[in-house]
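Student: Could you walk me through this structure with a few questions and answers?
Tutor: Gladly, let us look at it together.

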Amino acid sequence: MLDPQIILAGVLNGLLAGGIYVLVAVGLTLIYGVLHIINFAHGSLLMLAMYAVFFLWKLSGVDPYVALPIVTAGAFAIGFVLYRGVIGRWSHGKDENILLITLGVSIIADNGALLFFGGDTETIDVPYAGKIIELGAAFLPLPKVISCAAAIAICLGLGLFMARSDTGKAIRAVAKERQGARLVGIDVEHIFAVSYGIGIACLGAAACLLMPTFYVTPQSGYAFVLVAFTTVVLGGMGSFVGAAVGGFLIGITESIGGLLLGEQLGQIGISLIFILILLLRPTGLFGARA
Amino acid sequence: MRNAALAAALLAALVYPLLVPNYLITVGMLMFFTAFIGQSWNVSGGFAGQTSFGHAVFFGVGAYTSTILHVSYGWNPWLAWPVATAMGGLVGAGIAFLSFRAGLRGSYFALITLAFAEVFRIVANSAGFTRGGLGMLIKADSRFENFQFATPIAPYYLALALCLVSLAIAWWLTRSRFGARLVAIRENEDAARALGIDVFAEKVKVLTLSGAMCAAGGTFYAQKYLYIDPSIAFGIDKSVEMLLVTMVGGAGTIFGPLIGSIALTTINELTRNAASVFPALKNVQPLSLVVYGAMLILIVARLPDGFASLLKRRHA
């Protein structure tokens, strides 16, 4: 059996990775909760945002953390336009159409990235990448600690925005009762596009937080999409608290799975959790009955 | 009129490899092969409306079953083929049993098939009996009794035969009570149940049939290329390919996957030519997939019954 110290280190590292999964999952669960659509393009759009961060750094030397407001705002704009121009307009409100259209978006994004950026693995060298914080037996890379803290702060900020602002209240109204919201004068289509934009903006922020310690390839989107869906399904589709708890659980699962089963077989944990949750408890840990 | 056109098309397909260079014979083989595995997707995804994102799981099971029996246990691949086909049916039945008993529908079913394919990919990538990520190599011995081919003509006719069998299955679905029950389930599951259709049993049956067909395609692929690895066998690319040709050609129609496969092959060849004109476009495969992704979106938006509906409209 492994040393408990190593397990503890694994759990801590998993929690740090989980913080960013929370941010990715919050975006996905917001889109599901408000629009009731499965955004299969979520992973691919995250991949594109990661390339944006990479090129900002490579071409003009912008630090990924400094790029955060720019990439987040850009991601919001792209999400808003994508919903207005493609997804909302062409899906005719049918569940499976949206799934297929977002699949089409992800095919275009993945292969477009391969076409223009090539298949190489790209990374960013930041001067603080090697800095380590020691916590008992655990060596925690400084950028991961910063990223996790920033991800949590952004999620809390988003929660505050949803609770207090007029737009946030309108979004929650549309999520609860779309007809009623329309009757009291809320522009539902606009709120849909704003919600989709915010969901994608979360990806923009997540990309900036990921890049100092992670890499990007055109396949990154596919790698993340199952993680994101597993997180959301585990927590319960549409639930914010669920996405938060799910993100940390998935981070730990991945880290401990890697320790116990090795790098290759360790990835199986996420897919198995996804299958088991859907088969045994499709509402997840915090979801309401559908 | 319609029968005459079909007979002429069949005749053209039969004499085609006698008239064109080897390279074009292989293009034709790929076209019919893709139409065949596309039809396997169409049986469950088109006729029965159970959209799957992970059909590669059946393809991979077929490819690995026959290859393991052949390479590790010395079976003749022709004998291993029916076993691999049955194995695909079994996995189809298993996945359907678990998913449909849990009441998964629509997008959730699509996502869980993707997760199943991913589980199989990771297992194949780490297990000993599949040789892990190295993949499995089939020893070249190009004799027909060995299910290997010295010329491109033999696999062409075999792929054509597979395609014809799959068209016959699709035709049978449009004529049989089983097919009618599947369409009823696709259009309105609750209404189908109210009519006395055992929805669960029919859905398990159709995924068994679809899985078996797809696995048969997997064996053919492995014997044609003499190599498989976990990403080829279980990766999302194959799943997406089957879905795309069917959606673009026309889901739930007899000729949809074939029409979609002809379109995909044509786009592939056109982009290949474009790549020779613009040397900046080194990577041909992604460019054709970008075009195909755009076509998928446009088809869902503007032509939900695919290209096949254009032909039908002209006939009416």
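Student: Where in chain A is A:His36?
Tutor: Helices (H or I, at least four residues) and strands (E, at least two) are DSSP runs, numbered from the N terminus. By that numbering, A:His36 sits in the loop between H1 and H2 of chain A. This is a predicted model, where local features need pLDDT of at least 70 and side-chain atom pairs count only at pLDDT 80 or more, while totals for chains, interfaces and linings use all residues. Residues are numbered from 1 along each chain as its sequence is written, and chains are lettered from A and ligands numbered from 1 in the order in which they are written. So the place to look is the loop between H1 and H2.

Student: What is the phi of A:His36?
Tutor: Most residues other than glycine have a negative phi. A:His36 is not a glycine, yet its phi is positive, at about 55°.

Student: Is A:His36 partly exposed or buried?
Tutor: A residue is buried if 20 or more other C-beta atoms, placed from the backbone, lie within 10 Å of its own, exposed if 12 or fewer, and partly exposed in between. A:His36 has 15 C-beta neighbours inside 10 Å, so A:His36 counts as partly exposed.

Student: Where is B:Arg131, and what is its phi?
Tutor: B:Arg131 lies in the loop between H5 and strand E1 (136-137) of chain B. B:Arg131 is partly exposed, with 18 other C-beta atoms within 10 Å. This residue is other than glycine and has a positive phi, near 60°.

Student: Is A:Gly18 buried or exposed?
Tutor: A:Gly18 belongs to helix H1 (residues 4-35) of chain A. Two residues touch, or are in contact, if their C-beta atoms, placed from the backbone, lie within 7 Å. Not counting residues up to four places away in sequence, A:Gly18 touches A:Gly247, A:Phe248, A:Ile250, A:Gly251 and A:Ile252. Because A:Gly18 has 27 C-beta neighbours inside 10 Å, it counts as buried.

Student: How do H2(A) and H4(A) lie relative to each other?
Tutor: Two packed helices are described by the angle between their axes and the distance between the axes. Axes are lines fitted to C-alpha atoms, for helices over the stretch in contact, and angles run from 0 to 180 degrees between N-to-C directions. The axes of H2 (residues 42-60) and H4 (residues 95-117) of chain A come within 8 Å and cross at roughly 30°. Angles under 35 degrees count as roughly parallel, over 145 as roughly antiparallel, 65 to 115 as roughly perpendicular and the rest as oblique, so H2(A) and H4(A) are roughly parallel.

Student: What about H10(A) and H11(A), with what angle do they pack?
Tutor: H10 (residues 240-266) and H11 (residues 268-280) of chain A have axes 7 Å apart. Among the residues that meet are A:Ile250 in H10(A) and A:Ile273 in H11(A). H10(A) is oblique to H11(A), at an angle of about 125°.

Student: Which helix gives the most to the side of chain B that touches chain A?
Tutor: In this interface, 33 residues of chain B are in contact with 31 residues of chain A. Helices H5 (106-126), H11 (236-249) and H13 (284-302) of chain B each supply at least two residues to that side. With 14 residues, the helix that gives the most is H5(B).

Student: How many helices and strands does chain B have?
Tutor: Buried residues make up 51% of the 316 residues in chain B. Its C-alpha trace spans about 55 × 50 × 40 Å along the principal axes. As for the count, chain B has 14 helices and 2 strands.
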